[in-house]
Amino acid sequence: MKIRLMAGLGAHALGCLLFIVLSWLGFFLYTQLFGSLGSRGVAGGLGLLLVFYVYVGTNLLLALLPPGRVKPLLCGLLGAAVLAYLLPQHPLRAIYFSVLAGALSWLAVLASAHLTAHLTDRLRG
């Protein structure tokens with residue numbers, strides 16, 4: 001159980017770091033292609049900070065949950081919630097961040113399961 005928790009926390013922490021890097025990269029590429037960011041409605045920076053906090057909280061929950069059917073549903077729910085929050089005012093950001101949040105969370109779940117199986121096999125044999 002300790003191996004699963006440590007592997008989960010490590011994989012999801014790496015996912016959170018990748019979220020920051022890929023967010024920055026997305027903004028950089030957007031400004032290079034289309035110019036400066038426009039802000040309408042909800043302030044873009046504060047909205048994305050909330051998205052990041054929800055992403056971190058969801059990944060902490062995913063790291064602590066045991067393996068099962070809840071994890072894919074929670075990843076999908078995270079993507080749908082980000083999409084619903086950003087879509088009315090920021091359609092491009094909504095698509096980018098919903099796919100980014102859902103996909104990185106799911107990749108962290110898969111990496112955690114793979115790392116747990118690998119470490120368990122190494123400790124047994």
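Which hand does the crossing of helix 1 and helix 4 have? The crossing is right-handed. The model is predicted. The protein has four helices and zero strands, and its order along the sequence reads α-α-α-α. The C-alpha trace spans about 55 × 25 × 15 Å along the principal axes. Of the 125 residues in the protein, 32% are buried.

**Helix 1 and helix 4**

- Helix 1 covers residues 2–34 and helix 4 covers residues 91–124; their axes come within 8 Å.
- The two axes cross at roughly 150 degrees.
- An angle over 145 degrees counts as roughly antiparallel, and helix 1 and helix 4 are therefore described as roughly antiparallel to each other.
- The residues of the contact between helix 1 and helix 4 comprise 20 nonpolar, nine polar and two charged.

**Helix 3 and helix 4**

- Helix 3, residues 70–86, also has an axis that comes within 8 Å of the axis of helix 4.
- The crossing angle of helix 3 and helix 4 is roughly 165 degrees, and these two helices are therefore roughly antiparallel to each other.
- The crossing of helix 3 with helix 4 is right-handed.

**Aromatic pairs**

- The count of aromatic pairs comes to eight.
- One of the pairs is Phe19 with Phe97, whose ring centres are 6.0 Å apart.
- The planes of the Phe19 and Phe97 rings stand at 50 degrees, so this pair is classed as tilted.
- Phe19 belongs to helix 1 and Phe97 to helix 4, so the pair ties together parts that are 78 residues apart in sequence.
- Phe19 is buried, with a relative accessible area of 2%, and Phe97 is buried with a relative accessible area of 3%.
- Trp24 and Phe28 also pair, with ring centres 5.5 Å apart and planes at 10 degrees, so this pair is stacked.
- Trp24 and Phe28 are four residues apart in helix 1, which means a separation of about one helical turn.
- Trp24 counts as exposed, at 56% relative accessibility, whereas Phe28 counts as partly exposed, at 37%.
- Ring pairs also join Phe19, Phe27, Phe52, Tyr53, Tyr55, Tyr96 and Phe97 into a cluster.

**Cysteines**

- The count of disulfides is zero.
- Cys16 is in no disulfide, and the nearest cysteine sulfur, that of Cys75, is 12 Å away.
- Cys16 is buried, with a relative accessible area of 12%.
- Cys75 is buried as well, with a relative accessible area of 4%.

- Val51 is part of helix 2, which covers residues 44–64.
- Is Val51 buried or exposed? At 4% relative accessibility, Val51 counts as buried.
- The C-alpha atoms of Val51 and Leu87 are separated by 13 Å, and these two residues lie 36 residues apart along the chain.
- Leu86 is located in helix 3, and Leu86 is buried with a relative accessible area of 4%.
- Leu86 and Val54 are 32 residues apart along the chain, and their C-alpha atoms are separated by 13 Å.

Definitions and conventions: Residues are numbered from 1 along each chain as its sequence is written. This is a predicted model: local features need pLDDT of at least 70, side-chain atom pairs count only at pLDDT 80 or more; totals for chains, interfaces and linings use all residues. Side-chain values use heavy atoms; hydrogens and water are left out. Axes are lines fitted to C-alpha atoms, for helices over the stretch in contact, and angles run from 0 to 180 degrees between N-to-C directions. Angles under 35 degrees count as roughly parallel, over 145 as roughly antiparallel, 65 to 115 as roughly perpendicular and the rest as oblique. A crossing is left-handed if the near helix is turned anticlockwise from the far one by less than a right angle, and right-handed if clockwise. Ala, Val, Leu, Ile, Met, Phe, Trp, Tyr, Cys and Pro count as nonpolar, Asp, Glu, Lys and Arg as charged, and the others, Gly among them, as polar. A disulfide is a pair of cysteine sulfur atoms within 2.5 Å. Buried means under 20% relative accessible area, exposed over 50%, partly exposed in between (1.4 Å probe, protein chains only). Rings of Phe, Tyr and Trp (its six-membered ring) pair if their centres lie within 6.5 Å; planes under 30 degrees apart count as stacked, over 60 as edge-to-face and the rest as tilted.
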